[in-house]
Each structure stands twice: as C-alpha cells, then as structure tokens.
Amino acid sequence: MTASRARLRAWARRQYWPAYLYLLPGAVVYVLFVLRPLLMTAWISLFDWDGLTLGTWVGPDNYTALLTDPRLREALLHSLVFLFFYALVPVAAGLVLTALMVRVRIRGLGVFRALLFVPQVLSTVVVAVSWRWIYDPDGPLNGLLRAVGLDALARSWLGDNATALPAVGLIGSWVMYGLCLVLFLAGALRIPRELFEAARLDGAGPVREFRTVIVPALRGETGLASVLTVTQALRNFDIVWNTTAGGPGHSTTVPSVFLYQDAFVSREVGDAAAIGIALTLLTLTVCGLITRVLREREG
C-alpha cells in the first residue's frame, strides 16, 4: 500500500496539472457555445416540431426522409460539384502561383498578398451582389463578350440551368484562392533556399522543382487549405442564396438552402436540424479523410 501511494505521488508530481487550468476557459466556452448547441440540435432532429408548439417524437424518421428525398440528393451532388470549385481549383491555383512567385522576385509582395486576401475580408453578401451584377445580362461580362465579337456566348449566366451552377462555383473559386495563396506563400518563405539551389544544380526545371521541392514542403499548408476550402464548399449558403436562391428551378440548391427553408419558411424545425446534423457529419468525415491521407503521406 505504501509503495502504491509512493508511485501515485510520483506520477502526480510528473503531471503538469496547472497547465490544464489555462485550457479551462477555452474548454468552457467550447462546451457552452459549440458542443451544447450541437447536442441540442441533434435532440431536436428527433422531433416533428414547428418551433412554437409542443413537438412530437419521431425518432430517426427525419433522417430516413433525408435519404429518400430526391431533392436533397440533387443538392448533395451540387455540393460535390462545389468541392471542385471551392477546394480543388483554389488549392491548385494557389500552388501554381506560389511556384511562379518563388522563381520570380516580386516587389511589394506584402501589398500583393493583402490585395489577394481582400475577397476573404469582404462580406459574402457584398461579393454575391457584385458578382450578380457582373453576370447580369447587361453586365460587364456580357458587355465584354459583345465587344470582342462573341455575342453568341452572351447569356443570362445565373438564369440558365446549364451555366448557373458553374457560375456560382467560380465565385467561390475567386473567394477562396486568395486564402490558399496567402497560406502557401507564407509556407514557401520558410523553405530553405539551399533546396532550390540544389534542385537547380541537379538540372531541375520549373515542373520538377515544383513537384520535388515546393509540393512536399507545403504539405502542411495544403492540408490546412484543403480543410478550410472543403468546409466552405459543404456549408456554402450565403453566396448561393444571394445570387440565385437555389434557382433557376433547383439547379443550384445545396443542403443549407433546404435547411434555411425548413427552419424559417415551412417551420419544419426537426427536418432542418436533421439536415444540419447530417451536413456536420459529412463535413467532419471528408475533412477527417483529407487529414488522414496527408498524415499517411507524411509518414
């Protein structure tokens, strides 16, 4: 018994218990404003509730309805398309532009990075309204096409079923690529110059230098950028709602649009909560897979 107490005291002395006190305020805030609302939403998703009267227990029926609703399946496919525009295009463009800027010295790089980051600072409502004006049938984009003799290409970009989804997706690419580029440029500044010099002495050209030096060195920044852009793509609402409101028809709907409509228009709060929980789980799953793949590559 004495030996056990001695081992317990020795173990306690090795622990840095006071350090956990510094984490306590953040943990309390996280539990109150993240975990608690999430658990409440999960509980509400098990009821048929209009937000005012007494709810009726339905169990997993709201989730079953999600799986059988063709509109939500279509909206989920649109979100997967947005993964290309919001995640793949900005990350790829950011890596390529970073490689170019590493090889070519640019004066005033700090100002340049600040300008590229402006879309992240602007309100998404401002961004959506501005791009809606650009895509207008009488807006600058169609005006430019007509000016260069491409009148046949001019159209109502946000009002055409064939072009509305990629048009909204390109807005997301414009918003997110600045974030990726800033992250990659910050990481590139930490790459030892000796690596570039060694690669060039070995006869490496721009493509090989990009593949063997820049991409491996920026794996951590690439993972962070991928998680941020994928999260934005899957929870996308503001830009879609303020440009097309999910139209024309259902050509640009995403799950968050149905979440908003169920919660605040049709007053089906239980269904809206189920969509929110399902979207959260999907986002966590995709981001977890990305993180796992990147860690395996590092290993």
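N62 is buried, with a relative accessible area of 8%; buried means under 20% relative accessible area, exposed over 50%, and partly exposed in between, using a 1.4 Å probe and protein chains only. This is a predicted model, in which local features need pLDDT of at least 70, side-chain atom pairs count only at pLDDT 80 or more, and totals for chains, interfaces and linings use all residues. Residues are numbered from 1 along each chain as its sequence is written, and side-chain values use heavy atoms, with hydrogens and water left out.

N62 sits in helix α3, residues 61-68. Helices here are DSSP runs of H or I with at least four residues, strands are runs of E with at least two, and both are numbered from the N terminus. Which residues does N62 touch, leaving aside its neighbours within four places in sequence? Its contacts (heavy atoms within 4.5 Å) are S45, L46, F47, G270, D271 and A274.

Let's move on to α9. This helix covers residues 164-188, 25 residues in all, and spans 36 Å from its first C-alpha to its last, close to the 36 Å expected at 1.5 Å a residue. The expected span is 1.5 Å times one less than the number of residues. Of the 25 residues in α9, 18 are buried, leaving the helix mostly covered.

A kink of about 30° is centred on M176, where the bend is the angle between axes fitted to the seven residues ending there and the seven starting there. M176 itself is buried, at a relative accessible area of 4%. Beyond its neighbours within four places in sequence, M176 is in contact with Y86, P90, Q120, L228, T229 and Q232. P137 is another matter: it lies 39 residues from M176 along the chain, and their C-alpha atoms are separated by 25 Å.

## Salt bridges

How many salt bridges does a search of the whole structure find? It finds 3, counting a side-chain nitrogen of Lys or Arg within 4 Å of a carboxyl oxygen of Asp or Glu. Side chains of opposite charge can pair when their charged atoms come close.

One of these joins R190 to E221, with the closest N and O atoms 2.4 Å apart. This pair links distant parts of the chain, 31 residues apart: R190 is in the loop between α9 and α10 (193-201), and E221 is in helix α12, residues 219-234. R190 is exposed at 58% relative accessibility, whereas E221 is buried at 12%.

D69 and R71 also meet through their side chains, at 3.4 Å from N to O. D69 is buried, with a relative accessible area of 17%, while R71 is partly exposed at 38%. In the bridge between R155 and D160, the closest N and O atoms are 3.7 Å apart. R155 is partly exposed at 31%, and D160 is partly exposed at 26%.

## Aromatic rings

The whole structure holds 11 aromatic pairs. Rings of Phe, Tyr and Trp (its six-membered ring) pair if their centres lie within 6.5 Å; planes under 30 degrees apart are stacked, over 60 edge-to-face, and the rest tilted. F237 and W241 are a stacked pair, 5.7 Å centre to centre with 20° between the planes. Together with Y260 and F264, F237 and W241 form one aromatic cluster. W241 is partly exposed, at a relative accessible area of 29%.
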